[in-house]
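Trainee: Could you take me through one part of this model closely, the way its helices pack against each other? I would like the cut-offs behind each term as we go.

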Amino acid sequence: MHISGLVLGISCLVRPTYQFLIIPILVAIFLFEILTLRNFVQSLKSVFEKTYPAVISFCLVVISYSIFNSINFNYFGVSPLLGFTLTTRTVDFVEESPPQYEMEKKILIKHTNYSLVHGKS
């Protein structure tokens, strides 16, 4: 489990949005344990015992890199562009939306273009 946490932590350094990937992984493991054990308290204990090494090694990588960024660049986090990388994924979706969403498409493209031109994005 340590290796999986380290690999996920290192992948966050390449793609900062992957730091949120640990949440659905933990939820999937928890749901699997509930379905197999059928006991909520025992499932929680089992999930904790199985995942804490991976979570600790993941947090060790991400937090140490965040501290490095805080010391050298005055930003505590994996990437200062995390918000930008989360929002730029919607541009293609908006521009290729179906015809029934034409009004929303025009509004979103108008505001996107305004933000790009005026430096607010």
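Mentor: Helices H2 and H3 are roughly antiparallel to each other, because their axes cross at roughly 150° and angles over 145 degrees count as roughly antiparallel, those under 35 as roughly parallel, 65 to 115 as roughly perpendicular and the rest as oblique. The two axes come within 9 Å; axes here are lines fitted to C-alpha atoms, for helices over the stretch in contact, and angles run from 0 to 180 degrees between N-to-C directions. Helices (H or I, at least four residues) and strands (E, at least two) are DSSP runs, numbered from the N terminus. This is a predicted model, in which local features need pLDDT of at least 70 and side-chain atom pairs count only at pLDDT 80 or more, while totals for chains, interfaces and linings use all residues. Residues are numbered from 1 along each chain as its sequence is written, and side-chain values use heavy atoms, with hydrogens and water left out.

On the H2 side, the contact (heavy atoms within 4.5 Å) is made by Ile22, Leu26, Ile29, Phe30, Glu33, Ile34 and Leu37. H3 contributes residues including Phe40, Leu44, Val47, Lys50, Val55 and Phe58. By class, the residues of this contact divide into eleven nonpolar, four polar and two charged. Ala, Val, Leu, Ile, Met, Phe, Trp, Tyr, Cys and Pro count as nonpolar, Asp, Glu, Lys and Arg as charged, and the others, Gly among them, as polar.

Leaving aside neighbours within four places in sequence, glutamate 33 touches Arg38, Ser43, Ser46, Val47 and Lys50. Isoleucine 23, also found in H2, is exposed, with a relative accessible area of 52%.

Now for the other partner of H3. Helix H1 (residues 2–14) packs on H3 (residues 40–73) at an angle of about 30°, with the axes 7 Å apart, and H1 and H3 are therefore roughly parallel to each other. This crossing is right-handed, with H1 passing H3. Among the residues in contact are Leu6, Leu8, Ile10 and Leu13 of H1, with Pro53, Phe58, Val61 and Tyr65 among those of H3. The contact of H1 with H3 has eleven nonpolar, five polar and no charged residues.

Leucine 60 also has its place in H3, but it is exposed, with a relative accessible area of 59%. Its C-alpha atom is separated by 8.0 Å from that of glycine 9, 51 residues away along the chain.

Conventions
A crossing is left-handed if the near helix is turned anticlockwise from the far one by less than a right angle, and right-handed if clockwise. Buried means under 20% relative accessible area, exposed over 50%, partly exposed in between (1.4 Å probe, protein chains only).
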